[in-house]
Amino acid sequence: MDEIALLGAGGHAKVCIDVANAVGATVSRINAPDASSLPAMEGAEIFQGPDEPFIDATPPSALFFIAVGNLALRRKIAAMIETRNRSCATLVAPSAVQSLGSEIGEGVLVAPGAIINVNAQIHAHAVINTGAVVEHDSFIGEGAFVGPGAVLCGGARIEEWAMIGANATLMPGVAIGAGARIGAGALVTKDVPAAATVFGAPARVVENDD
Ligand SMILES: CC(C)(COP(=O)(O)OP(=O)(O)OC[C@H]1O[C@@H](n2cnc3c(N)ncnc32)[C@H](O)[C@@H]1OP(=O)(O)O)[C@@H](O)C(=O)NCCC(=O)NCCS
């Protein structure tokens with residue numbers, strides 16, 4: 001099984017470590033500003049410095065895993081790893097469902113109980129959180145974050161580094177622009193522009209960073 005160098009220490013890191021344990025991967029190094037509340041990782045070396053030196057000092061045999069929930073920080077770390085031509089592990093919880101024809105990219109977390117249905121595509125560094133449903137033919141762009149219990153109906157399209165809040169529902173075929181934020185519990189009936197923030201049922205734009 002893979003040897004993993006993990007970056008992150010918050011609640012999201014706990015979930016990532018739990019999934020790594022469940023699939024039998026070895027987390028050998030963790031860069032964590034505060035590792036005191038992480039689940040016990042026997043034999044894992046803990047570092048508490050900046051990410052770049054941690055990445056540079058990690059043996060080439062190890063794969064990285066970005067276990068940070070914050071999207072801007074995840075993106076920054078992904079770029080650091082990419083510019084060094086290093087690779088990331090992909091973690092799929094044993095209780096998740098991965099259906100026929102679906103694809104899961106490098107560095108993705110599929111958390112416990114999530115369902116990736118037929119022909120869905122999940123691109124690099126995306127997060128499909130606990131119990132989320134990504135229906136058939138959906139597209140999840142690089143680094144996009146799908147919150148716990150969110151339901152993406154068939155053919156939904158989430159562009160890169162967008163965030164779908166917990167329990168949000170996307171109607172069939174809806175497209176979410178890059179970097180958009182969908183509030184927890186939203187019911188998204190129409191396409192959402194890049195960098196917009198929407199919430200409510202039906203969801204309405206409350207902010208647009210463009
Ligand atoms: C939509 C969201 C991104 C907006 O964040 P924000 O810009 O920081 O918004 P604020 O928290 O300042 O809230 C602004 C107002 O919107 C309301 N609001 C925020 N999110 C809401 C939501 N999802 N549904 C309905 N109302 C919401 C707040 O109650 C507040 O109302 P008020 O001004 O009357 O007090 C955020 O609230 C959200 O829903 N994030 C999803 C979090 C999540 O599910 N993460 C998964 C972690 S595993």
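Colleague: Let's start in a loop: between which two strands is the place of Asp 137?

Modeller: This is a predicted model, where local features need pLDDT of at least 70, side-chain atom pairs count only at pLDDT 80 or more, and totals for chains, interfaces and linings use all residues. Residues are numbered from 1 along each chain as its sequence is written. Strands are DSSP runs of E with at least two residues, helices are runs of H or I with at least four, and both are numbered from the N terminus. Asp 137 has its place in the loop between strand 12 and strand 13 (139-140).

Colleague: Thanks! Is Asp 137 buried, exposed or partly exposed?

Modeller: A residue is buried if 20 or more other C-beta atoms lie within 10 Å of its own, exposed if 12 or fewer, and partly exposed in between, with C-beta atoms placed from the backbone. Asp 137 has 19 other C-beta atoms within 10 Å, so Asp 137 is partly exposed.

Colleague: What is phi of Ala 195, in the loop between strand 21 and strand 22?

Modeller: Most residues other than glycine have a negative phi. Ala 195 is found in the loop between strand 21 and strand 22, and Ala 195 is partly exposed, with 16 other C-beta atoms within 10 Å. Its phi is positive, near 65°.

Colleague: Which two residues does a cis peptide bond join?

Modeller: Most peptide bonds are trans. Here, omega is about -5°, and Pro 202 has its place in the loop between strand 22 (196-199) and strand 23 (204-208). The cis bond joins Ala 201 and Pro 202.

Colleague: And which residue stands opposite Thr 197 in strand 23?

Modeller: Two strands pair if DSSP finds at least two bridges between them. Strand 22 and strand 23 pair in the antiparallel sense over 4 bridges. In their hairpin, with 4 residues between the strands, Gly 200 takes a positive phi near 100°. Opposite Thr 197 stands Glu 207.

Colleague: Which residues of strand 22 point to one face and are buried?

Modeller: The side chains alternate along strand 22.

Colleague: In what order do the 6 strands of the open sheet run?

Modeller: The pairing in this sheet is parallel. Strand 6 (97-98) and strand 21 (187-188) each have a single partner strand, so they stand at the edges with one side left without a neighbour in the sheet. Within it, strand 12 (residues 133-134) and strand 15 (residues 151-152) pair over 2 bridges. The order is 6-9-12-15-18-21.

Colleague: How many residues around the ligand are charged?

Modeller: Ala, Val, Leu, Ile, Met, Phe, Trp, Tyr, Cys and Pro count as nonpolar, Asp, Glu, Lys and Arg as charged, and the others, Gly among them, as polar. The surrounding residues include Asn 129, Arg 181, Thr 197 and Phe 199. The shell divides into 4 nonpolar, 7 polar and, for the charged class, 1.

Colleague: Which element gives the most to the side of domain 1 that touches domain 2?

Modeller: An automatic or database assignment sets the domain bounds, giving domain 1 (3-83) and domain 2 (91-198). With contact meaning C-beta atoms, placed from the backbone, within 7 Å, 12 residues of domain 1 are in contact with 11 residues of domain 2. Helix 1 (11-22), strand 4 (63-66) and helix 3 (71-83) each give two or more residues to that side of domain 1. The most, 5 residues, comes from helix 1.

Methods. Near = placed C-beta within 6 Å. Contact = placed C-beta atoms within 7 Å.
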